[in-house]
Amino acid sequence: MKHLTRRALSLVLALALLLSACGAFAEESTIIGSTIQYDTSKPINNGEDIAVEFWYWTGSDKLFQAVVDEYTAIHPNVKITLVENPWDDYWTKLPLALQGKDGPAIFNVHNSYHENVIGYLAPYDIPVEDLEADFVGVSAHIIDGKVYYTDYGMMTATMYYNKAMWAAAGLTEADIPKTWDEFREVAKKLTIRDENGNLVQAGFSFNGGAQGDVLGMQYQYGQNLFTADNKVSFNNDAIKAVIQRMKDIYEVDGSGDYNFGNNSGDNFGQGMIAMYLGWGFMHGLFQSLWPETEFGSFEIPTPTEEVPYAYHRYNGESTFGVNKNAPADQQAVAQDIIRFFLAKDALQKQFVLANSVFPAKKSLAEDADILGVSSIAVLANHIDRYIWPGPMPSAVENNMKIALEDIFYNGADIETALKNAEETCNMELEGSEFVSVEPQYTYASEAK
């Protein structure tokens with residue numbers, strides 16, 4: 001009997017130890033994240049019911065619903081109402097809504113509208129050093145020692161190519177060009193004209209949005225986009241060389257035509273052109289709109305085979321903003337949602353994959369699924385050689401667009417068009433609070 005009692009006692013003790021271990025494991029598993037951590041067992045708003053609005057622009061409903069669903073599963077006392085607005089309406093309505101206490105407590109941010117919203121943002125209650133430990137590029141977002149939003153991913157331009165056209169031209173992966181001279185030769189091989197000389201398949205096209213590609217290519221020559229006093233620099237040798245090369249691809253090589261399609265991104269998806277320089281979001285667009293078009297990606301060619309000052313610029317996909325005018329309890333919830341989002345790799349990964357951006361979170365830099373996206377994978381070896389100029393005012397792209405249209409379609413002189421665009425742009429930037437962060441680039445000392 002004693003033996004049975006002792007055995008039973010030992011089983012009870014073993015069970016107690018097991019339950020204790022499970023309890024310890026369960027307690028430990030409530031913490032997610034590395035440096036930025038989130039405790040899922042900690043109540044928000046003392047467990048009392050609270051409602052907040054979360055604004056975002058059209059096109060990302062599934063992503064934001066995922067954030068809401070995962071957060072409210074942990075905190076059922078929090079009701080988050082998602083409010084969707086079309087892009088243009090969003091930037092009209094949001095600044096007005098943020099002026100009072102009835103605006104959204106949390107909202108999506110895009111750095112191109114930095115000046116429109118920065119005055120309404122509350123700084124994150126996460127230490128800057130913690131943000132820098134988990135994410136790259138944070139230093140460019142520090143304002144007076146505080147961070148109001150940062151990047152969850154870095155979007156930039158890559159070269160897309162049609163695999164069927166590539167194979168039909170007898171090209172293999174060994175033919176992927178490293179330099180612009182090699183690229184021009186490949187583009188010629190991919191160009192098809194009929195017996196009358198009419199273009200049937202363009203080897204390369206930049207119609208309909210070249211300004212986004214040109215503004216960034218000057219970095220390959222060591223030329224920054226902004227001067228030390230934050231004035232834009234268009235009329236320089238680097239940008240002239242970029243534009244002249246684009247003209248030559250059409251006018252000398254015959255690999256494209258200004259009138260062969262009016263949107264090179266759409267035209268690539270439709271099977272009209274063989275190569276297209278586009279930003280990361282185009283990867284998902286091609287897959288959803290033109291799934292029959294099989295494509296690959298390669299890194300932007302450079303003037304020589306030497307690693308350039310920078311391959312191109314990138315633009316950060318921003319994390320969320322907290323409305324400083326919202327009631328204190330709503331702000332607390334917004335801050336908590338942001339901490340949850342930043343700590344949880346799975347949510348970060350969803351946003352990165354949906355927008356085909358290189359992850360800013362260091363723990364995801366070698367994620368196999370993310371690197372399985374061709375337009376992201378080609379950036380992995382040189383991601384530190386892409387530069388962010390800062391929350392660039394829309395006037396910069398708008399004026400470059402006007403200059404390029406004048407050059408390509410009206411035959412304007414390159415230098416004259418760039419000079420006029422530079423002068424106009426700098427007039428529009430007068431009074432702007434924009435400050436270039438190019439000097440914070442890791443290799444800034446290499447600039448000319």
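Is Asn46 buried or exposed? Select Asn46 to begin: this residue is exposed, with a relative accessible area of 71%, where exposed means over 50% relative accessible area, buried under 20% and partly exposed in between, with a 1.4 Å probe and protein chains only. Asn46 lies in the loop between β2 (38-39) and β3, and its phi is positive, about 55°, although it is not a glycine. Most residues other than glycine have a negative phi.

The model is predicted, so that local features need pLDDT of at least 70 and side-chain atom pairs count only at pLDDT 80 or more, while totals for chains, interfaces and linings use all residues. Residues are numbered from 1 along each chain as its sequence is written, and side-chain values use heavy atoms, with hydrogens and water left out.

**The whole chain**

Zoom out before going further. The secondary structure comes to 17 helices and 16 strands, which are DSSP runs numbered from the N terminus (H or I of at least four residues for helices, E of at least two for strands). The C-alpha atoms fill a box of roughly 100 × 55 × 40 Å along the principal axes, and 51% of the 448 residues count as buried. Of the contacts (heavy atoms within 4.5 Å) with a separation of 6 or more, 75% are between residues 24 or more positions apart.

**The four-stranded sheet**

Now select β4, β3, β5 and β14, which form an open sheet in that order with mixed pairing; two strands count as paired if DSSP finds at least two bridges between them. Because β4 (78-85) and β14 (321-322) stand at the edges, each with a single partner strand, one side of each is left without a neighbour in the sheet. Strand β5 (residues 106-107) runs antiparallel to β14 and is joined to it by two bridges, and the bridge partner of Phe107 in β14 is Gly321.

To see where they meet, show the side chains of Val67, Glu70, Tyr71 and Ile74 in α2 together with Val333, Asp336, Ile337, Phe340 and Phe341 in α12.

**A strand covered on both faces**

Move to strand β12 (residues 295-298), where Phe295 and Ser297 on one side and Gly296 and Phe298 on the other are all buried. Strand β8 (residues 151-162) pairs with β12 in the antiparallel sense over four bridges, and Tyr160 stands opposite Ser297 in β12.

**Two further loops**

Select Ser356, in the loop between α13 (345-355) and β15 (358-359). Its phi is near 50°, a positive value in a residue other than glycine, and at 5% relative accessibility Ser356 counts as buried.

Next comes Pro391, in the loop between β16 (386-387) and α16, which is buried with a relative accessible area of 16%. Pro391 and His114 are 277 residues apart in sequence, yet 6.2 Å apart in space from C-alpha to C-alpha. Not counting residues up to four places away in sequence, Pro391 touches Asn111, His114, Tyr149 and Phe434.

**Helix α16 and its surroundings**

Continue to helix α16 (residues 394-410), whose 17 residues reach 23 Å from first C-alpha to last, close to the 24 Å expected at 1.5 Å a residue, the expected span being 1.5 Å times one less than the number of residues. Its buried residues are Ala395, Val396, Asn399, Met400, Ala403, Leu404, Ile407 and Phe408, and these pack against α8 (211-217), α9 (237-251) and α17 (414-429). After α16 comes Gly411, with a positive phi near 70°.

Finish with α9 and α17, which pack at an angle of about 130° with their axes 11 Å apart and are therefore oblique to each other. Their contact is made by Ile239, Lys240, Ile243, Gln244 and Lys247 of α9 and by Ile414, Glu415 and Leu418 of α17.

Conventions. Axes fitted to C-alpha atoms, helices over the stretch in contact; angles between N-to-C directions. Parallel < 35°, antiparallel > 145°, perpendicular 65-115°, else oblique.
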